[in-house]
Every structure is written in C-alpha cells, then in structure tokens.
Amino acid sequence: MNEQNNNKPKETPKPIPGGAAAAKSKGWRKVLTSKWVTPAAFMAAAAIIVTLMWLYRGDQPDQATTTPTDTEVSQGEEAATKPADDTIAVTATGEEMQWPVANFDELEVSLPYYDAAGTSEEKQAAFVQQGNNLTPHMGLDLQKPDNTTFDVLAALSGKVTHVEQHHPTNGATVEISHGNGIVTIYQSLSDVTVKEGDEVKQGTAFAKAGRNYLESDEGIHLHFEARQDGKVLNPNELVQK
C-alpha cells in the first residue's frame, strides 16, 4: 500500500494567479500605506514649488525705492473732503471764512495743503517728513519772508474749545468751534492770550506765529487747519480769494 502511494507521480504545484506581479503590487501597496509616505510626498512637492518660485523671482528686475504713491497715502486722503455745497458761509451768522492773518499777501505758503485732486508735483510738495515716513499735510503753513512773527487771527467767530501751550510736536495749539461741526485749528503759536471757554470774534488777534518741533525747519510760521465733523477741509476752498 505504501509502495503504491510512493509510486504515484507527484503533482506539480499550480502557479498562483498573478504570481510575482501580484506580490510586487502587494509590496507597493504596503509602502504607499506607510505613515511616512504622505508627509514625505508633501515635503517633496513643497520643495519643488519653492525652487520654481525662487527661479522665477531671480528673473525679475530689482524694484527701486520710490516716493509714496497715491495708494500709500490713502489713509491721509480719506479725511480730506470739500464742503458739501461748495459754499463759503458755514455759520448761522452767515460769516465767510477769512485767512487767519491780517494781510495774506504779505506771507508765503511754506507748506501747502495736501489736495488729493492736485497734480503729482503739488502732492509731492505737500508731505511732512517724520523720521523715515512721509505724511500728507492736512493744513496750510504761512510765514513771513523775513522769518519774523505776526499776529494770528480768528478765521471765524466762535468759542475756544481747546488750548494747549506745550504740545510736544505741534507747539502751542488753539482750537475754536464755530457751530455746524466747524472747527478751526491753529498750531505753532506763541503768546496765546485766550483760554478754553472764551468767545472770540472773527478777525480778533489771540496769538502770534511761533515754532514747533514737527515742522522745525520752517522756522516761525502758523499752521492752520479747518475741519467739519472731524473731516479735514481744504482751506483754499473755504476762503474767498
């Protein structure tokens, strides 16, 4: 019986379907499902993207330093506005704003108002330098050609609502409220003779032109601003020439 079994021809093992290919596929699946494969693939892709960006950047010309553009000064411009009706009468009494000096023609504009509608040259001339920063000038600076002082007058009748004798950058400052949200601001003053709560009439002298730290290179001058409801107004459009 055993001899018969031993004499039977041995069967050749049948090949497994797929053979080596299936084993290889199974091996790749094991590799791809490993925890480190996804992060490694991500890092490789990121490295390729960074390299391409670096090569592209290297082809670009260096950008030169330029003066501030209109968009760079938009923060200063957004406060600048015109009177809603383009009229000069801004108070209940019908007063028309006057220059805050006795004789405007005897003075020079040492630093103009920054007008967003002006030419590029006009806007470039109306910046104030603070360290490495340039800021749009939201007022009008007046001075005498001989750099001597002069009287500062109230541009409109109103009530003195703020007096500061020693502002660290703007010098002595006076603010006068005129109703309808209109406020005139006078900086770089000396010899201030009014206090908060005083009523002043249009054309009344209440200070003299002096100096301030922010615009020290101008010497003796008056910095004049006008605002309505907190928005800066162009003084050139408020005073009839």
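This is a predicted model: local features need pLDDT of at least 70, side-chain atom pairs count only at pLDDT 80 or more; totals for chains, interfaces and linings use all residues.
Local features were taken only where pLDDT is at least 70, and side-chain atom pairs only at pLDDT 80 or more, while totals for chains, interfaces and linings use all residues. Numbering starts from 1 along each chain as its sequence is written, and side-chain values rest on heavy atoms, with hydrogens and water left out.

The secondary structure comes to 6 helices and 13 strands, both being DSSP runs numbered from the N terminus (helices: H or I, at least four residues; strands: E, at least two). Of the 241 residues in the protein, 34% are buried; here buried means under 20% relative accessible area, exposed means over 50%, and partly exposed is in between (1.4 Å probe, protein chains only). The protein exposes about 16,000 Å², with carbon and sulfur atoms supplying 54% of that area (Shrake-Rupley method, 1.4 Å probe; for residues, only the protein chains shown count as cover). As for contacts (heavy atoms within 4.5 Å), take those with a separation of 6 or more: residues 24 or more positions apart account for 66% of them.

Now for the inside. The largest nonpolar core has 32 residues, and Val174, Tyr186, Leu189 and Phe206 have the most contacts inside it. Such a core is a set of buried Ala, Val, Leu, Ile, Met, Phe, Trp, Tyr and Cys residues joined through side-chain atoms within 4.5 Å. Two or more residues come from each of β5 (140-143), β7 (158-164), β8 (172-177), β9 (182-190), β11 and β12. Apart from this core lies another, of 6 residues, with Tyr113, Tyr114, Phe127 and Met138 among them.

Phe206 touches quite a list once residues up to four places away in sequence are set aside, including Val152, Leu153, Ala154, Val174, Ile176, Tyr186 and Leu189. Phe127, from the 6-residue core, sits in strand β3 (residues 127-130) and counts as buried because its relative accessibility is 10%. Its C-alpha is 5.3 Å from that of His137, a residue 10 positions away in sequence.

Several loop residues deserve a look too. Gly210 is in the loop between β11 (205-209) and β12 (222-228), yet it is buried, at a relative accessible area of 6%. Its C-alpha atom is 4.9 Å from that of Ser190, 20 residues apart along the chain. Beyond four places in sequence, Gly210 touches Ser188, Leu189, Ser190, Gly219, Ile220 and His221.

For Asn180, in the loop between β8 and β9, phi is about 55 degrees although the residue is not a glycine; relative accessibility is 51%, so Asn180 counts as exposed. Asp191, in the loop between β9 and β10 (199-200), has a phi near 50 degrees, again without being glycine, and is exposed at 54% relative accessible area. Asp191 is also on the list of residues that Phe206 touches.

Finally, the second largest pocket holds about 160 Å³ of space. On a 1 Å grid over the protein atoms alone, a pocket is an open set of points where a 1.4 Å probe fits, with protein on both sides within 12 Å along at least five of seven lines; lining residues have an atom within 4 Å of a point. Points are joined across faces, edges and corners, and the volume is the space filled by probe spheres set on them. Val109, Pro112, Tyr113, Asp115, Gly118, Glu122, Lys123, Ala125, Leu140 and Asn236 line this pocket. By class, that makes 5 nonpolar, 2 polar and 3 charged residues, with Ala, Val, Leu, Ile, Met, Phe, Trp, Tyr, Cys and Pro taken as nonpolar, Asp, Glu, Lys and Arg as charged, and the others, Gly among them, as polar.
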